[in-house]
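Here's a quick briefing to read alongside the structure.

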Amino acid sequence: MIQTGYSYGQVASEGYRKTVDFLQGDGITDSGPMVFLEELRKSILPIFDIFITDAQALASVFMIIYFAIKSYEMMSGDKKLEVMPLLRPFGLLMIIIWWGIFVQIVAYPTEVIAKKAKEKLEVEQNKVNDLRYKRADLQMKLVAELFTISAEAESAKQDAQKANEDASYLESAWDDFKGIVVNPVVEFQMRMEITMKLLFTQILELAALWILRTAIFLIFIIQVIYASILIILGPFAVAASILPAFRDSLSTWVARYISVNLYLGIGYIILLLVTVFQNYSLQSEIYKYQELMGADGNSPKIDAIQIFASNGLLSFGTVIISFLVGAIAMFTVPSISTWIISTSGITSAASTAGRAAAGASKGASVAASKMIAGV
């Protein structure tokens, strides 16, 4: 049974929280990029009318062509007079004229889904952030205990080496020399070894965290770009749907726009599911750190701590895995959106963008590996 709380260091200090926030961001998703995306998304609607005038002119030309075709069909006797088909171009023209309102009406259901999912995600993220601070606090306490254990072990080793010396003068001189020179050097060496292990652990965790954040940012920025293009060029699709050959242009545009706007809601829902995994992984590691340090934090299990530290990584790995799983899950957003609103073209475009991002990430990893190897 995993226990989520611990009796010592229950609440991390405000200064410590600010330090963690500065180094790792103020949450799993980090509020800075998310605020930027929200502001960018709000800036789309004010520029929706760039091509409205052009689309209206094009729609007028298409209406003349459409009425000419219908008139010829009725004059030749192929079709009878039908009023409703003749009213359709006027309705499409009204959509172009009131384009901004039409876009907001189409996007409203998806915005409701995204808003509710985001509110639930924020509540769960606050819980995960609290666990993140507790885990980081426990991790630093474990490092401090490792410092103490290493220093005591090395000091005992030096005492044992001098235990067989008979000359009291030399023994006294050695004690003085050890206290002034040897002990600080040994302690510094031990601290450097443990610090390097901690640094390597934090680099891996931060890298996994930023891979998740990059995946989130990439999916959401793709949504902003696709939605912007659909909104700006959408009036041309409405105008083209006046002609019988492009009759389905408007319905295709609506399906794609809804599918793209579902990226937000689906992305937040996936993050909510990933948060459950992150919550479990953080609780699991907190429980394991508690087992190493003791329930009260004052009765560490020295043998277990030494075995744990000998692995070379001051982490159990479940948190890192949860971040990577979340990053992989985010790239399924475009495919899932087409399960709800069937479209063509959106998924392939998103897949192309995902492959390009993966290639860039792989190139960066190779470059970083070469750099590390060179060092």
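**Salt bridges and a cavity**

In this predicted model, Glu124 and Lys120 sit 4 residues apart in helix α5, so about one helical turn separates them. That pair forms a salt bridge, with the closest N and O atoms of Glu124 and Lys120 3.6 Å apart. Let's see what else turns up.

**Around Glu124**
- Glu124 also makes a salt bridge with Lys127, and here too the closest N and O atoms are 3.6 Å apart.
- Because Glu124 and Lys127 are 3 residues apart in helix α5, about one helical turn lies between them.
- Shared partners tie Lys120, Glu124 and Lys127 into one network of salt bridges.
- Glu124 counts as buried because its relative accessible area, 16%, is under 20%.
- Lys120 is partly exposed at 43% relative accessibility, and Lys127 is partly exposed at 43%.

- Glu38 is partly exposed at 23% relative accessibility, as is Lys118 at 27%.

**The cavity**
- Searching the whole structure turns up 1 cavity of 30 Å³ or more, and the largest cavity has a volume of about 70 Å³.
- Its lining includes Lys70, Met74, Leu81 and Pro85.
- Helix α3 (52-75) gives the largest share of the lining, 3 residues.
- The lining residues split into 4 nonpolar, no polar and 5 charged.

Notes:
Residues are numbered from 1 along each chain as its sequence is written. This is a predicted model: local features need pLDDT of at least 70, side-chain atom pairs count only at pLDDT 80 or more; totals for chains, interfaces and linings use all residues. Side-chain values use heavy atoms; hydrogens and water are left out. On a 1 Å grid over the protein atoms alone, a cavity is a set of points where a 1.4 Å probe fits but cannot get out, and a pocket is an open set with protein on both sides within 12 Å along at least five of seven lines; lining residues have an atom within 4 Å of a point. Grid points are joined across faces, edges and corners, and a volume is the space filled by probe spheres set on the points. Helices (H or I, at least four residues) and strands (E, at least two) are DSSP runs, numbered from the N terminus. Ala, Val, Leu, Ile, Met, Phe, Trp, Tyr, Cys and Pro count as nonpolar, Asp, Glu, Lys and Arg as charged, and the others, Gly among them, as polar. Buried means under 20% relative accessible area, exposed over 50%, partly exposed in between (1.4 Å probe, protein chains only). A salt bridge is a side-chain nitrogen of Lys or Arg within 4 Å of a carboxyl oxygen of Asp or Glu.
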